[in-house]
Structures are given as structure tokens and as C-alpha cells.
Amino acid sequence: MTEIRKAVIQLVALSPNLWGYPQMFPCLKWKFLLLTLGILIVCTSRATAQIAHRDSVSLASLKLKSLEELMEIDITIVSRRAQQWFESPAAAFVISGDEIRRLGARSLPEALRSAPNLHVAQVDARQWAISARGFNSTTANKLLVLIDGRSVYTPLYSGVFWDVQNVLLEDVDRIEVISGPGGTLWGANAVNGIINVITKNSHETARNPVFVEAGVGKKELLTGAIRYAGLLGETGAYRTYARHFRRASTRLEKGGDASDSWSGTQAGFRFDFGEVDDEVLIQGDIYSDNADQDVNDDVTMKGGNVLAEWRHSLSTGSELILRSYFDYSHRRIPATFGEDLGTLDLDLQYRTVFYEVHDIIVGAGFRHSSDRVVNSAGLAFLPPRLQTRLYTAFVQDVMLLSEGVNLTLGSKFGHNDFSGFDYQPQIRLGWRRSEIEFLWLSVSRAVRTPSRIDRDLFAPGNPPYFFLQGGPGFKSEKLVAYEGGYRWQALRALFFDFALFYNQYNDLRSFEPGPPPVLKNGLKGTAYGAELVINTEMAPWWRVRAGYMHLQKKISLKSWSRDVNNGTGEGNDSKHRLNIYSFIDLTDDWELDGSFRFVDRLPNANAAVTSYSALDIRLGWNPTSWISLSLLVQNILESGHSEFGAPSTRKEFGREIYGSARVSL
Amino acid sequence: MQAHKTHETIRSRVKAICATAGFLLLIVQPSGMYAQSASEVEYRFKAVYLFNFLQLIEWPTTAFDSDESPLVVGILGKDPFGRLLDDLLKKERINERPVVIRRFEDYEDVEKCHLLFVSDSEGDRIPAILRQAQQRQALTVSEIVGFAERGGGINFYIENNRIKFEINVDALRRADLHASSKLLRLARLVKPSKDG
């Protein structure tokens with residue numbers, strides 16, 4: 001019996017197919033409505049402003065802006081934000097659009113591999129396990145992922161269905177990856193980290209009205225993308241795109257074909273218009289994917305979203321952002337489960353500066369999710385239909401204490417239908433010790449609010465539910481994080497970024513055997529570790545970046561808990577990870593780029609994965625300004641390795657050769 | 001045998017590369033690739049503005065010796081851009097013409113150029129500089145208060161922390177330069193002062 005329960009737990013923890021439930025909140029009776037009424041908005045305030053990449057003021061990026069755009073940029077903010085990354089009191093890493101291209105990444109997860117502070121493991125042809133600072137699984141639930149301010153984690157399990165986040169990477173301006181809690185500004189789920197994908201303004205893509213990309217490979221059988229962009233009237237610009245891809249099935253580690261080939265098509269648009277102080281953005285995407293399953297009928301995934309954003313600068317130097325989006329997704333995994341989810345979100349954010357020493361952001365948000373699950377014989381989400389509401393508000397003040405010393409104080413407040421009210425305060429201190437050194441310290445609290453999987457999951461799919469009977473009393477998982485970091489520009493061409501963290505978790509999810517068997521908050525634990533990034537420019541034509549991550553995690557059972565996984569159900573994490581990237585401009589036309597990564601063994605007894613190393617090489621040739629060719633070879637070192645999962649079902653990834661051509665007119 | 005030798009060669013080359021890399025790391029001068037000062041940011045912007053001006057202003061064909069002649073950007077006085085302009089404009093072609101940057105210490109040294117950036121350091125000699133530039137059909141650009149009113153072509157100013165520019169339309173006309181309507185629309189237009 002215990003074995004069966006274990007199987008269900010594993011299913012819960014490891015099967016990507018299941019998890020997909022949003023932050024559901026037990027329908028409390030609007031107690032906090034009054035409180036939130038004045039400040040009606042959420043926290044997706046991912047604060048565009050929050051972290052600026054050095055690229056944001058590079059000559060190359062400025063050159064792409066129109067004169068109108070240049071005239072609208074507050075240079076004190078720019079210079080402040082240029083330094084903002086350097087002076088951000090958090091562990092942050094930025095992947096630039098150009099780097100994504102040079103990595104040869106063909107999907108968002110592949111691009112994310114380059115962030116040293118993320119553990120990115122491929123599970124099969126379409127599924128990935130991605131987390132920061134531990135707790136990785138295919139249903140990892142402590143990471144907040146935003147695409148242009150749109151949250152893409154599903155309230156089914158507080159995680160991300162990576163297989164439907166198929167942004168056109170050519171359009172990505174940068175990806176900000178923050179490890180550590182960011183709950184104050186970003187909101188619930190930003191427990192261990194935040195991934196913030198920011199796409200280019202359509203004025204920028206309008207400079208190349210036509211973009212076409214085509215690629216073929218051994219595994220990435222076919223990729224095709226087309227984008228058409230242009231200017232609209234005096235102040236507007238637009239782009240539209242469509243892409244299609246086909247990926248071959250992987251093979252099982254134990255041998256044999258995994259029958260997980262899949263294909264997808266996505267199309268979308270973006271409009272940007274308005275005057276300098278009054279910008280409007282409207283964008284949307286639709287997609288349809290189809291994936292093979294070993295035994296049952298194909299998995300089908302469809303969906304779409306539309307987002308509108310208005311940014312208004314007031315003469316006082318204050319800024320107002322209003323954002324709203326609607327997202328619909330449909331997923332059918334025959335014989336396992338299906339889900340239709342609609343999300344409506346509204347956010348408002350206001351930023352102002354008082355007396356030049358207080359930089360204040362306040363915001364509020366509302367999100368309504370309507371979820372319908374198609375249950376199977378094996379498991380059921382009950383009730384199958386559920387509507388949930390989430391109210392959030394936040395306030396943050398960055399105070400300039402003295403020259404070079406900043407104190408950030410803030411908190412986010414939320415109310416969800418499952419666990420009611422929660423608060424996520426933080427305090428951060430940053431000290432610019434000299435022009436080339438920055439030190440920071442922080443203490444923050446973050447919560448992972450309950451999702452449907454924690455509360456509503458029953459197994460088998462019909463009574464009696466002898467494996468699992470939901471988690472009626474499941475409450476938020478909590479984290480108190482202590483962090484510190486040091487950035488040092490040792491030489492013009494040698495840069496260090498170092499962070500240490502100590503995380504105290506409480507009320508982590510456990511699987512109590514019962515009777516009745518339920519999910520509870522029976523685990524607690526600590527995780528500590530370090531992240532180090534070294535950036536060097538060996539020569540103007542040769543840039544090397546190395547990243548190392550160390551993690552120690554200890555999870556224990558509370559005295560009353562009898563967790564069937566004995567604390568190992570929540571993630572399978574390596575202690576060491578190393579990656580090294582090298583970007584060489586051989587000549588003006590030729591690029592030679594390489595990436596090496598080492599991932600230490602994953603320890604969990606039932607899903608142990610041996611350590612592996614992978615080396616990828618890319619050769620790029622740009623014979624003219626409008627055409628570029630690229631050849632990518634992945635996994636040069638070995639014929640195959642596994643990255644995640646239990647031995648009986650996990651997949652192996654071998655060598656890949658991929659050639660592509662891009663035309664930009 | 002052969003393989004062993006090859007191995008040795010590779011090893012010695014790797015050593016050489018490591019040594020070179022180490023040496024490079026030691027000699028490169030400090031100051032930040034991330035740490036940018038406010039003024040550095042300001043001149044990044046101004047450099048990009050100049051790049052835009054070059055595209056939005058039309059010089060008469062008589063200003064060039066031939067169709068292949070380069071567009072010459074001059075900087076007079078203490079150069080606030082450092083290598084920014086060189087980085088920005090190298091390899092650029094504007095209206096099919098390559099761009100060349102020249103630096104002049106004194107206005108009397110100024111040779112033929114199409115756009116002349118007059119540095120702050122030259123504030124005392126504006127009338128003489130302008131007189132000379134006008135003869136040469138050069139577009140003068142500066143960041144000295146009152147530069148455009150006194151007869152300069154384009155002048156940067158800062159308003160609400162944003163970089164803006166003013167244009168003296170008469171000065172451009174006298175130099176036989178044609179500014180695009182877009183440029184004129186974005187600029188603050190100034191009239192020459194009486195004593196200009």
C-alpha cells in the first residue's frame with residue numbers, strides 16, 4: 001500500500017503532466033476586500049525598471065532607438081539603471097538577446113541554460129525541469145515566470161508548462177533571472193527566483209521589416225519562423241510573426257524510442273504606439289501543439305493570450321503603469337488529465353520619487369482564474385471546475401541613506417481563495433563601496449501559496465480515494481531567506497559577481513499516509529549555497545563567462561509528519577553546477593562560440609541521475625549584413641546522457657547537429 | 001609516436017594561450033565595464049544623436065569631392081566622447097558614404113568637415129569658429145548654452161533629465177544644409193539673437 005502511495009506521490013512530484021494548478025484560494029469571504037480596495041492591483045510589477053542590463057545603455061542598443069525614443073529617455077534614470085544591475089541588492093543575472101542567438105538556443109529553456117543561477121534539466125522532447133536554488137522537479141513550484149509582465153505559471157500546480165512558452169527568441173530583448181525571493185515586487189511564487197522575459201519594442205524590430213529563419217537538425221527536425229514588421233503612422237510600430245517547429249522523439253535511457261516527438265505552431269503580434277510620455281503596448285499570441293504519447297492518443301495543447309499595457313509619465317517624473325491580460329490554455333493528455341484555464345489579470349503600478357531620496361513604487365492587482373479539469377480513472381481534481389480570485393498590493397521604498405548606500409524596504413500583501421491573507425516583506429541594504437565594488441545584504445520572507453494540486457487532488461479518479469484525498473488543510477509554504485552578495489569590477493575586463501544565501505523553509509508539502517492520505521505541510525528545511533559568476537574579456541574579440549553554483553539542502557519531517565517520501569518528494573537537486581561560455585569573433589564575419597556545462601549527480605534514491613558534462617559548439621557566419629548562417633553541434637563529449645527522472649522512464653539526449661539560416665531585410 | 005608529439009605540441013600551445021590570457025588580464029586597465037558614470041551615459045546618448053543627425057541632414061553635393069568621399073565628423077577641443085564616436089561610427093556608411101572622424105585642437109586647425117562638434121572647452125571662441133565653419137558648409141553642433149542663438153547649427157540642452165536639441169534654421173540654411181522635417185519637428189527652433 002505504501003508503495004502505491006509512493007507511486008502517487010512520485011506522480012505528484014515528478015509527472016509534469018499533472019501539475020498545472022494555479023494559486024487557488026479557499027473561498028474566504030472577502031474579508032480583505034476593503035483593505036485592498038484602494039489599491040486595486042497586483043504585483044506583476046515586475047518593474048521593468050527593476051534591473052537594467054548594461055545593454056540597455058550600450059551604444060548598440062541606443063543606436064537602434066529612434067530619435068523620438070532617445071528624447072524620451074530620462075538619462076538620470078538610465079545612468080541610474082545602467083548601474084542598477086550593478087547596484088541591485090539581489091542575485092541577478094541577465095541573458096541578452098544577442099547571447100541567446102550566439103548560444104544557438106532554439107527554445108526558452110535552452111536559452112535559460114546559460115543562467116548560472118538556474119538548474120535547467122531536460123526531461124523529454126518537450127518537458128523541462130527548471131528551478132533556482134533547489135526544489136527542482138517537472139512540477140517545480142517556487143519560481144515565478146513572466147513574459148512581458150504576463151505570469152505564465154499555472155495555478156494548477158504553481159509551476160510552468162514549458163512546452164507552450166514558445167516565444168520567438170529573435171524577438172527577445174533580454175531575460176532577467178533573479179535567484180532568491182522577489183515576492184515583494186513580483187508576487188507569490190517568487191520564492192526561489194524569478195524569470196522575466198522581455199521582448200523587444202516593435203520600433204526596434206521595425207528596422208528590419210522582414211525576418212525569416214529556417215533550420216534543420218537531427219533532433220530539432222525543422223524550425224521555421226517568419227516575422228513582418230513596420231511602422232504605423234507617426235508614433236506607432238508593429239510586428240507579426242509565425243513559427244513552426246518539429247522535434248524528433250528522444251530515446252529511453254534503458255533503450256528504445258520514447259515516442260515523445262512533437263510539433264507546434266505559434267503566431268502573434270505586437271503593437272507599440274503613443275507619444276513619449278504616453279506609451280501603449282498591445283500584444284498577443286496563439287498556439288497549437290501536438291505531442292506523441294507512448295501508448296495513448298496524442299497530447300494536444302492550444303491557447304492564446306492578449307495583453308495591453310499603458311505607461312504614462314507624469315510631468316513630476318512619476319510613472320504610472322496599467323496592465324491587463326487575458327490568457328487561455330487548453331491541454332488534453334488522454335488517459336491522464338485535461339485542463340482548460342482562463343486567466344484575467346489587472347495590474348496597476350505607480351512610481352514616484354520624494355525629495356530625491358525616496359524612490360517609491362506602489363501597486364495593486366487582481367487576478368481571476370477559471371479552471372476546468374477533465375479527470376481520468378487515475379486521478380481527479382475535485383471540484384473539477386473552480387474559479388479563484390487573487391488580490392494583491394505592494395509598496396516598496398528605496399531610500400538613499402547616504403552617498404552610495406541604499407536601503408530598500410517593502411512588502412507585498414496578498415489574499416487568495418485557498419489560504420487567505422499573506423504578507424511578504426523584505427529589507428535590502430546595498431553599499432557601493434567604490435566605483436568598482438558593490439556589497440549587498442538582505443532578509444526577506446516569501447510564500448508559495450497553495451495551488452489546486454495541493455488542495456484538490458484525489459487518486460484514484462473515483463471513490464474510494466484510497467491513495468490521496470486532497471489536502472484540505474494545506475496552507476502556504478514559507479521561506480525566510482538571508483542573502484548577501486559582492487560585485488567587483490576587478491579590472492576593466494574582469495568582473496566577479498558572488499552571492500551567498502541561507503534559506504529557511506517551513507510548512508513544505510508532505511504526503512501524509514493517513515488515513516485519510518492527504519497532503520499537508522509536514523516538512524521544513526534549510527538550503528544554503530553560493531553562486532559565482534566571472535566575466536572576462538580576454539580580448540575585444542573574445543569574451544568568456546564562467547558560472548558556478550553550490551547548493552546544500554536539508555529537509556526534515558516535523559515531529560508529527562510521516563511523509564511517505566521521507567522528505568525527498570520536493571525536488572531533486574545537484575550540489576554543484578558549473579558552466580563556461582566562450583564567445584569569439586574570429587573575424588568580422590565569423591563567430592565561434594562554445595559552452596560547457598557540468599551538472600553534479602541528482603541524489604534522490606528513486607530518481608538518481610549521474611553527473612554529466614556537455615559541450616556545445618556553434619559556428620556562425622554572417623557574410624553580409626542581412627544573412628547569417630549557423631552550425632550548432634551539441635553534446636560533443638558523449639553519445640548521450642540523462643538529465644532528470646526515474647531510471648525506468650527517463651530519456652537520454654545524444655548528439656545533435658543543427659544548421660540554420662536567418663535572413664533579415 | 002606521432003600522436004605523442006602532437007599531444008606535446010597541443011599542450012605547449014595551451015600553455016602559451018593560458019599565459020597570454022593571464023598576461024592580458026593583468027595589463028588591462030581598471031575601470032568598469034558595468035560601472036558607468038552619469039556623464040559616460042550622457043555622451044553615449046549624444047553620440048547616438050550625432051549619428052542620427054548625420055542621417056537626417058542632407059549636405060549639398062558640392063560639399064563632397066566625389067561620390068565616394070567620406071562624411072567627415074570633426075571634434076574641436078577637448079573630446080568628451082572618448083572612443084564612443086569611433087566605436088559607433090566605424091564601419092557605418094551613411095548615404096553610401098563611409099564616416100571619418102577627425103579631432104582638432106584649435107579652431108585654426110579645422111580642416112574640411114561636414115559636422116563639427118564644438119566642445120565645451122571652446123566656449124570663448126564661438127564667433128570665430130562659426131565664421132569659419134559656415135564658409136565650409138559644416139553643420140556645427142555643441143552643448144554650450146546659447147550656441148544656437150549665436151549662430152550655431154544644433155545645440156544640445158537638457159530638460160527634465162532628457163537630452164533635447166535646438167536648431168537654428170537660419171544657420172543651417174546659410175550653410176546650404178537641408179534638415180529633414182522629422183528633425184525639425186523634434187527640435188526646439190531658435191532664432192538668432194540680434195547680436196548673433
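Predicted model: local features only at pLDDT ≥ 70, side-chain atom pairs only at ≥ 80, totals over all residues.

Me: Let's start with Ile126(B). Why is Ile126(B) called buried?

Reply: Ile126(B) has 20 C-beta neighbours inside 10 Å. A residue is buried if 20 or more other C-beta atoms lie within 10 Å of its own, so Ile126(B) counts as buried.

Me: Where does Ile126(B) sit, and what does Ile126(B) touch?

Reply: Ile126(B) belongs to helix 4 of chain B, which covers residues 126-135. Leaving aside residues up to four places away in sequence, Ile126(B) touches Ile144(B), Phe147(B) and Arg150(B). Contact here requires C-beta atoms within 7 Å.

Me: Which residues of helix 4 of chain B are buried, and how do you know which side of the helix they are on?

Reply: The buried ones are Ile126(B), Ile129(B), Leu130(B) and Ala133(B). Around the axis they cover an arc of only 95°, so they are on the same side of helix 4 of chain B. As a general point, an α-helix has 3.6 residues a turn, so residues three or four places apart point the same way.

Me: What does the buried side pack against, and what is carried by the face turned away from it?

Reply: The buried residues of helix 4 of chain B pack against strand 2 (71-76), strand 5 (115-118) and strand 6 (139-142) of chain B. The face turned away carries the exposed residues Pro127(B), Ala128(B), Arg131(B) and Gln135(B). To be called exposed, a residue may have 12 or fewer such C-beta neighbours.

Me: What follows helix 4 of chain B?

Reply: Gln137(B) follows, with a positive phi near 55°.

Me: How much of chain B counts as buried?

Reply: The figure is 32% of its 196 residues. Chain B has six helices and ten strands.

Me: Now chain A. What makes strand 1 and strand 5 of chain A edge strands?

Reply: The open sheet there has five strands in the order 1-8-9-4-5, with mixed pairing. Strand 1 (91-96) and strand 5 (150-151) of chain A each have a single partner strand, so one side of each is left without a neighbour in the sheet.

Me: How do you know that strand 1 of chain A pairs with strand 8 of chain A?

Reply: Pairing needs at least two bridges, and six bridges join strand 1 to strand 8 (residues 172-179) of chain A. The two run antiparallel, and Ile95(A) stands opposite Ile175(A) in strand 8 of chain A.

Notes: Residues numbered from 1 in each chain as written. Chains lettered and ligands numbered in written order. Helix = DSSP H or I, 4+ residues; strand = E, 2+ residues; numbered from the N terminus. Contact = placed C-beta atoms within 7 Å. Arc of directions from axis to C-beta.
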